[in-house]
Amino acid sequence: MGASLKDVARLAGVSVKTVSNVVNDYRHVSEATRSRVREAIDQLGYRPNLTARHLRYGRSGIVGLALPELGIPYFAELAEQVIAAAERESWSVLIDQTDGRGDRERLTSSGARSRTIDGLIISPLALDTEYLVGLRADLPLVLLGEQVQPGAADLVAIDNVAAAREATEHLLALGRRRIAAIGDQRVSAAGTASVRLRGYCDALAAAGIEYDPELVVPAESYHRPDGAAAMRLLLSLDEPPDAVFCFNDLLALGALRTLLTAGLRVPNDVAIVGVDDIEDGRFSTPTLTTVAPDKAQIAEVAVTMLLERINGLDCPPREVTARHTLLVRESTAI
């Protein structure tokens, strides 16, 4: 059985109320007393009853995290970071998979209104701005990734236009001029695929290279088989590409497999860049050059913003742009 408030109070030589004040971080406790109580807490290994604390404020102590697909490593790695960030603030995380479908996103978010959770972090692919604004009125909400229009709710995302432009500029700097793109999806003008395509086009235009639609291959989903199939299509062209920018790492890994099966050398014959910096790309052969979003920062900011909303912060929706870094590895390093 763990230590109690009474045990801590006895060891520190203070009242139970004083221990409670320190645990709840009330200001009106002297630093000397606060230090003595914390030493007693550490010595006894006391853990506060977080459930009771949350219930005292009419909360469950649980936040929701709704992601399109946990089978995509980026989302799984991001979920791990969100759980860690929430745990540091003594909150638990309930995870749901929406498959990027509007009905599932609505079901997840409407179910949240039952107060099972106190707030929701969601990466929406199908919900429109009007729905998100209405949802925000009922529940503290933070969005991850792109959205249809700004202002629906608090948002955390990387600058996907800049990320795609930097990836393409890296390939241009290698002397490549026939650069393909895998992953276009004409779902939303503000979706991730559309803004990454924009960054790709911006880089080509700045280099004086004309956009070639046959080098832009769509992908129904962002998995390895989609990347492999798109790469086979590109290799069937009369003039195959000498470099490929893939809109995520799984597409890049699929493309990489097709290239190696075809007997082509990466990066000598075809250079490849992905996005996401998933663990698989660090162990592929060759290792994968990628744009790495700062997943830890995305999670930390999203959790902080959500808890601020839960605690009553009332201000217009905020947008935070998280860091990203181009990590050059063997798939472009000749």
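This is a short talk on the overall build of one protein model and on a few of its residues.

The model is predicted, so local features need pLDDT of at least 70 and side-chain atom pairs count only at pLDDT 80 or more, while totals for chains, interfaces and linings use all residues. Residues are numbered from 1 along each chain as its sequence is written, and side-chain values use heavy atoms, with hydrogens and water left out.

The overall picture comes first. The protein has twelve helices and twelve strands; these are DSSP runs numbered from the N terminus, H or I of at least four residues for helices and E of at least two for strands. Its C-alpha trace spans about 80 × 40 × 35 Å along the principal axes. There are 334 residues, and 50% of them count as buried, where buried means under 20% relative accessible area, exposed means over 50%, and partly exposed is in between, with a 1.4 Å probe and protein chains only. Of the contacts with a separation of 6 or more, 69% are between residues 24 or more positions apart; a contact means heavy atoms within 4.5 Å.

Now to one arginine. R196 sits in helix α9, residues 192–206. Beyond four places in sequence, the contacts of R196 include I158, A164, F245 and F247.

Next, the backbone. Most residues other than glycine have a negative phi, and most peptide bonds are trans. The bond from V266 to P267 is cis, with omega near 10°, and P267 lies in the loop between α11 (249–261) and β9 (271–275). T285 and P286 are also joined by a cis peptide bond, with omega about -5°; P286 is in the loop between β9 and β10 (289–293).

D277 lies in the loop between β9 and β10. Its phi is positive, near 55°, and D277 is buried at 11% relative accessible area.
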